[in-house]
Amino acid sequence: MPPPTRGKIKRNIQRDRPHKMATEKETPWQDCARAKQQAILSAIPNKWRVLDPIPSAADLRDCTGAYIQQYLTSREIEITEADAVFITQQTTVGSWSAVEVTEAFCHRAAIAHQLVNCLHEIFFDEAVAAASALDAYFAKHRKPVGPLHGLPVSLKDQFHIKGVETTMGYVGWIGTFEGSKSDTRARTFESELVKGLRNLGAVLFCKTSVPTTLMSGETANNIVGYTWNPKNRHLSCGGSSGGEGALLALRGSPAGFGTDIGGSIRVPASFNGIFGLRPSTGRLPYEGAANSMDGQNTILSVVGPMATTARSLKLLFKSILEQSPWNHDPLVHELPWRSSVERNIQERINGDPSALSFAIMHHNGVVQPQPPVQRAMKLIEGMLRSQDHQIIDWRPPPHKISHAIAKETFQLDGGADVQAHLGLSGEPQLPQCFVAKTPHMNAAQIADLNVRKRRYQKSYLDYWHSTSNLTRSGRPVDAIICPTAPHAAVIPGRYRHMGYTSFVNVLDLTSAVIPITHASKELDQLEHDDMGQHSEYDPSLYDGAPVGIQLIGRRLEEEKILSLAEYIHNSCAELSSSVPDI
């Protein structure tokens, strides 16, 4: 099949919209959604559109790498396949201009959206203007604005940016401020994270797709349709920061930010073969971001970085802390980056390997992982053992308890918030949404739920500390390693179990996702069918889907977990170079 030529893409708009009968009359919400979808496409410059139709998933499963590269110049490929750390090493000393870097990523992001529907907002002209101002500043002062000078950063469509709409996947939010047509903040308000990124010299250029309501392990909405997995377009990119994960997988952005209340950073990171960090609450600013069920405090959503390398996560996280976000968000701890923690873990990594210990949880006692995930877990366990790190089996308080707490938390208002926002346009609730109509919980029931959560947190903490009796060092295990989900990516409509991620949110632990391998129809055959998740596993369909694992630390251990994540990934990369089939 000849490669598509550069030029205008002929989008099949109907392909990306909810299905309807040819004779069915469009409702006002469908008209509004169609107009918004077309506006997003129209924001892509003509020079960055593609003439030929995009092949179907049957003809083009993986659209990363060589496929998307064909639309780019060699210089654009060089820039966009560098990670955030390398890019800032160039832009902060003037070796690369902010404009050149920004234009390269805008171009690649535009192609990425045409391939998998990953963008909600495109503001490339504003981004190039901001990059030009950064170049002028550097030319005048011979120094960068900040550590992220000239770095393009993408954002999940929860963060408000001046002059840019925020829909969060709701048709009823189009042309409004979070659904309110009379709110005077529309198009003038900015989230605290956005302000901090600007101060650091970052260039904001797009906002990425989310599932309507945010409460989903897949990304689909009635505006842009379904966001597909770039490595396997038969499968989902995950949710709810799914557009962010897909864009990063296609290298349409070097780094971005998502949010996580039940796995919404970690699931897309795992499904798309990238890195993501779910910090504990109070490390990064959430103030001024849109959200579902705002005011629910039993389990708080958190902001976290997503990137193509582990070291890029550290760059983003550390840079935001340099802005003293506790001065702007009342829920952020006054807890700057702790270099001493980072040094301590580096000394232990470089010193006696046997002094580091890890707990392995292959199965959470609720849902058995599918074969690609099982293999990923064995690979990382084997690598750690080969480095002489101590490994213990993780046998914590039952995870079915945390799973129940999370499910009850997400139904506290009986789905009232979700239904209210859907009702603004009359659009239907998509089946991927976890939130169902249930009776409201009263104050006494919520108090009881909070007590049960606190007791579970206490029992888990006690268990973690008890592992000091099992380790050679006499210290509790340094981190837990477990699956991110029971599957590699997921068949659309089949995301069934969030328990591998939601327990982290219930406990408010620190968790980073590390890409490990890809599903293989040769290596990951189904040997038995004893669990529901297994019944949906098809080796041929899943072939090529990324698999990531979680590295989990205790509460507020971000410096430690980021250091360990980089170490583990580098060690796995060395192992994979010597063992070709991992």
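Ser 241 sits in the loop that joins β7 (232-236) to α8 (242-249); helices (H or I, at least four residues) and strands (E, at least two) are DSSP runs numbered from the N terminus. The model is predicted, so local features need pLDDT of at least 70 and side-chain atom pairs count only at pLDDT 80 or more, while totals for chains, interfaces and linings use all residues. Residues are numbered from 1 along each chain as its sequence is written, and side-chain values use heavy atoms, with hydrogens and water left out.

With a relative accessible area of 0%, Ser 241 is buried (buried means under 20% relative accessible area, exposed over 50%, partly exposed in between, with a 1.4 Å probe and protein chains only). A polar atom of the Ser 241 side chain lies 2.9 Å from the backbone oxygen of Ser 264. Leaving aside neighbours within four places in sequence, Ser 241 is in contact (heavy atoms within 4.5 Å) with Lys 156, Gly 258, Thr 259, Ser 264, Ile 265, Pro 268 and Met 306.

### Active site annotation

The UniProt record, an unreviewed entry, places the feature "active site" at Lys 156, Ser 240 and Ser 264; such annotations may be inferred rather than shown by experiment. These residues span 109 residues in sequence, yet no two of their C-alpha atoms are more than 10.6 Å apart, so they gather at one spot. Of these residues, Ser 264 is included in the lining of the largest cavity.

Lys 156 belongs to strand β2 (residues 152-156) and counts as buried at 0% relative accessibility. Its side chain and that of Ser 240 are joined by a polar contact of 2.7 Å (a pair of N or O atoms within 3.5 Å; within protein, one must be able to donate a hydrogen and the other to accept it, and residues adjacent in sequence count only if both atoms are side-chain atoms). Beyond neighbours within four places in sequence, the contacts of Lys 156 include Lys 207, Leu 214, Ser 241, Glu 244, Phe 257 and Ser 264.

Ser 264 lies in the loop between β8 and α9 (266-272) and is buried, with a relative accessible area of 7%. Apart from neighbours within four places in sequence, Ser 264 contacts Lys 156, Leu 214, Gly 239, Ser 240, Ser 241 and Thr 259.

### Binding site annotation

Under "binding site", UniProt (unreviewed entry) lists Leu 214, Ser 240, Ile 261, Gly 262, Gly 263 and Ser 264. Although spread over 51 residues of sequence, they cluster in space, the largest C-alpha distance being 10.9 Å. Leu 214, Ile 261, Gly 262, Gly 263 and Ser 264 are included in the lining of the largest cavity.

Leu 214 is in the loop between β3 (203-208) and β4 (220-221) and is buried at 4% relative accessibility. Not counting residues up to four places away in sequence, Leu 214 touches Lys 156, Gln 158, Met 168, Ser 240, Ser 264, Asn 291 and Ser 292. Gly 263, in the loop between β8 and α9, is also buried at 4% relative accessibility. With the residues up to four places away in sequence set aside, Gly 263 touches Gly 239, Pro 268, Thr 501 and Asn 505.

### Cavities and pocket

On a 1 Å grid over the protein atoms alone, a cavity is a set of points where a 1.4 Å probe fits but cannot get out, and a pocket is an open set with protein on both sides within 12 Å along at least five of seven lines; lining residues have an atom within 4 Å of a point. Grid points are joined across faces, edges and corners, and a volume is the space filled by probe spheres set on the points. The structure holds three cavities of 30 Å³ or more.

| Space | Volume | Lining by class |
|---|---|---|
| Largest pocket | About 680 Å³ | 17 nonpolar, 13 polar, seven charged residues |
| Largest cavity | About 100 Å³ | eight nonpolar, seven polar, no charged residues |
| Second largest cavity | About 60 Å³ | four nonpolar, six polar, one charged residue |

In these classes, Ala, Val, Leu, Ile, Met, Phe, Trp, Tyr, Cys and Pro count as nonpolar, Asp, Glu, Lys and Arg as charged, and the others, Gly among them, as polar.

The lining of the second largest cavity includes Lys 156, Leu 214, Ser 240, Ser 264, Tyr 286 and Asn 291. Of the 37 residues that line the largest pocket, Tyr 286, Glu 287, Asn 291, Asp 294 and Leu 331 lie nearest its centre. Strand β10 (302-307) and helix α14 (416-423) each supply at least two residues of that pocket's lining.
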